[in-house]
Amino acid sequence: MAKTSDFLPIEDYFIIGDLRTAALVSRSGSIDWLCLPYFDSPSVFGKMLDADAGCLSIDMPGFKIDADYIADSAIVEFGLSKPGTELSIKDFMVPQATKNSVNQYLVRTITGLRGEAIARFRFDPKPKYASVSPSVRQTSQKLELPVDGGLINLHLPDDSKVNKKADYYEIAVPVKAGERRRLIIEYIPKGREPGTTRAGLEEKTAKFWKQWVSKGNFFDFCQTNLVRSAITLKLMQFYPTGAIVAAPTTSLPETIGGVRNWDYRYTWIRDATFALYSFYALGYSQEAEHFFKFIEKVTEQCAGEKFDVSLMYTIWGEPIPEEQSLTNLSGYKDSAPVRIGNGASRQFQLDVYGALIDAFYFASKHGFSDTHKKRWRKIVMQLVRKIDELWQEPDHGIWEARVGTKHYTYSKVMAWVGADRANRLKKTLNLTDEDLMVCRRLSESIKDWIWRHGYDESSQNLVQHSRSKAIDATNLLFVLLQFLDKHHPLTKKIVDNTANELGHGQVFVYRYLKADGLPGEEGAFVLCSFWLISALAILEEVESAIKLFKRFDEYMNPQGLLSEEVDPESKRYLGNYPQAFSHMGYIMSAHYIHKYAKRKNIKLK
C-alpha cells in the first residue's frame with residue numbers, strides 16, 4: 001500500500017486538454033492522470049489514484065522546478081535550473097475542434113536555455129486503470145503501446161536513450177542551449193494511420209488559445225482568474241457533442257481516507273443553465289449553443305410517451321454505466337473505493353425537469369435555435385406535465401443522498417422554476433390558454449406547498465426538507481432562481497440565517513450539516529460560497545459580495561483552478577478537480593458583482 005505522503009496535494013495540479021480528454025500535470029512535471037481517448041475512457045496514467053497506476057514524469061533530481069501556465073493558454077511551462085544549466089519544458093495537448101475521429105497528441109517540448117543537460121523522464125503507462133500489464137514494443141524512435149480501440153505511440157528525439165526497467169522506461173534526452181526536443185504521445189484510433197507530420201504543434205496550440213481567449217469579455221477586477229475559469233470550462237467541453245463533464249477525474253475524495261469518492265466524468269442536466277449562463281456571460285455564445293444542442297438532443301430522445309429524463313448522461317448522451325469499484329487501486333491517499341460509473345444516475349431527482357425548462361427559457365432569451373421553437377413547445381409542455389405528475393413525490397435531492405427519498409425544498413423550488421419559466425415562454429412558444437392555466441396552477445400550488453411545508457417560522461428559514469429543521473445551502477441559490485424576491489425583507493433574513501449556520505471563516509459554506517447516511521465528513525462546498533456572493537450582490541450588498549469574493553481569491557491555488565470542496569481548516573482541496581460547477585460559480589459571482597456594482601456606481605479594482 002502506498003504511503004499517503006506519496007500523493008501530492010490535489011491543488012498541486014494543472015489541467016491540459018484537447019477538447020476530448022484531459023490530463024492532470026503536477027507542479028513537478030508528473031502527468032498523473034490521463035484517460036484516452038476520451039474523458040470517460042480507462043486511464044493510461046492513474047498515479048493520482050494509486051502510486052503504481054502510471055505516469056509520465058520529469059526525473060531530474062538536483063534541478064529546481066518552477067511551473068506556471070503560459071498566459072491565456074492551456075500550456076504549462078516548467079523552468080528547470082541548477083548552477084550553469086537552465087531549460088524549459090512545456091506540456092500541452094493539441095486542441096481537436098472537430099467531430100471526426102482524429103489522432104490526438106500530448107506534447108512535452110524540451111528547450112535548452114543555458115548550458116548542457118540530459119533531460120530525464122520516466123514513462124510508466126498502466127492502461128485500463130492499471131488492471132493489465134502494458135505490452136510495449138520499442139523501436140529506435142518510439143515506444144508503441146496497444147490499448148483498447150487504438151494504439152499509443154511515444155515518439156522520441158533521434159538521439160534519446162531508452163533504458164527498460166522492470167515495469168517502466170527511463171528516457172534520457174540530451175539538450176544544449178538553443179536546441180528544442182520533443183516527446184509526443186500520439187493516440188491513434190483503430191483504422192487510422194500515424195500522423196505524417198508533427199511539426200508546429202506548439203505554435204498551433206498557442207494560436208488556438210490566444211484566438212479563443214481574445215473572443216471573450218472579461219472584467220478587469222478579476223481578469224486573470226476569470227480567463228483561467230473560462231479556459232478550464234472550455235477544456236471540459238467534449239467537442240464532438242458539446243457535453244460538459246462535471247470534472248475530468250473520478251474518486252478524488254471529499255474526505256481523505258473516506259468513502260465519498262464519485263465518478264464525475266459525466267454531464268449533469270442540472271448544470272445546464274449554469275453552464276449556459278457562464279459561457280454567455282463571458283461572450284462565448286458558440287460554446288453555450290453547442291452545449292444547449294447537446295441538452296436539446298438528449299431531451300428530444302426522451303420525448304416519448306413516458307418522457308423519462310435521466311439526471312446525468314455520458315459525453316455521448318447515453319445512459320451512465322453501472323457503478324463499480326476498482327479494487328486494484330488504493331485510492332488517493334488510501335481513500336477507497338475508487339469508483340467508475342455512477343449509481344446516482346438511477347435516482348429520481350425531481351429538479352431535472354425544471355432545470356431543462358430553465359435551459360430552454362435561457363436559450364429562447366438569447367436567440368438559440370429560433371427555427372426549432374415550434375418543436376420546443378411540445379417538449380416544454382411535456383416537461384410541465386411531468387412536473388405536474390411528479391412534484392408531490394419525494395426524491396433524492398440535489399446532493400444525491402443515498403438515504404432514501406425526502407420532500408426536499410430545493411426539488412420543489414426547481415419544480416416551481418419549471419412552471420414559472422414555462423409561463424414566461426408563453427409568447428415565444430405561443431402557449432394556449434389551457435397550457436397557461438396548467439403552468440399558473442402548478443406554479444401557485446408548488447409555491448404554496450413550499451411555504452407551508454418548507455419554511456420554519458421559528459428560525460425564519462427554509463428547511464432542507466419537510467420533516468427537518470436542518471438548513472441547506474440551496475437557500476442561497478433561491479435568490480438567483482428568483483424564487484425569493486430580492487425586495488422582500490424575509491429574503492435577506494433567509495440569506496443571513498443560512499450563511500450564519502452553514503458558513504465557516506466568513507468565506508466558506510457547507511452544503512448542509514445533517515447526517516446523510518454516509519460515514520465521515522466532507523469539506524466546504526466551493527459552489528455554495530459563490531451562491532452566497534452572488535446572492536449578496538443581487539441583494540445590492542455589493543461591498544460585502546466584493547469582500548468575500550476577494551477573500552476567496554486568497555484560497556485559490558496559483559493556477560487559478562478550483563476543486564469541488566475545500567477543507568476550511570487546512571485549506572486543502574478536496575473532491576474531483578478541477579470542478580466545472582466551481583468555475584461556473586466563480587464566473588457567475590464575478591458577473592453579478594460587475595452588474596450590481598455598475599448599478600451603484602461602485603468602482604471595482
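Colleague: Which helix gives the largest share of the lining of the second largest cavity?

Modeller: Keep in mind that this is a predicted model. The general idea is that a cavity is a space where the probe fits but cannot get out. Here, helix 8 gives the largest share of the second largest cavity's lining, with three residues. About 120 Å³ of space lies in that cavity. Its lining has 15 residues, and Trp 399, Tyr 408, Gln 464, Asp 472 and Tyr 512 are the closest to its centre. By class, they split into six nonpolar, six polar and three charged.

Colleague: And how much space lies in the largest cavity?

Modeller: About 350 Å³. It is lined by 24 residues, with Tyr 264, Ile 398, Trp 399, Glu 400 and Arg 511 closest to the centre. That lining comprises 12 nonpolar, two polar and 10 charged residues.

Colleague: What about pockets: which residues lie nearest the centre of the largest one?

Modeller: A pocket, in contrast to a cavity, is an open set of points. For the largest pocket, Tyr 277, Arg 421, Leu 480, Gln 482 and Tyr 592 lie nearest the centre, out of 26 lining residues. Its volume is about 550 Å³.

Colleague: Which helix gives the most to that lining of the largest pocket?

Modeller: Helix 6, with five residues. Helices 4, 8, 10 and 14 are also among those that each supply at least two. The lining holds 16 nonpolar, two polar and eight charged residues.

How values were computed
Residues are numbered from 1 along each chain as its sequence is written. This is a predicted model: local features need pLDDT of at least 70, side-chain atom pairs count only at pLDDT 80 or more; totals for chains, interfaces and linings use all residues. Side-chain values use heavy atoms; hydrogens and water are left out. On a 1 Å grid over the protein atoms alone, a cavity is a set of points where a 1.4 Å probe fits but cannot get out, and a pocket is an open set with protein on both sides within 12 Å along at least five of seven lines; lining residues have an atom within 4 Å of a point. Grid points are joined across faces, edges and corners, and a volume is the space filled by probe spheres set on the points. Helices (H or I, at least four residues) and strands (E, at least two) are DSSP runs, numbered from the N terminus. Ala, Val, Leu, Ile, Met, Phe, Trp, Tyr, Cys and Pro count as nonpolar, Asp, Glu, Lys and Arg as charged, and the others, Gly among them, as polar.
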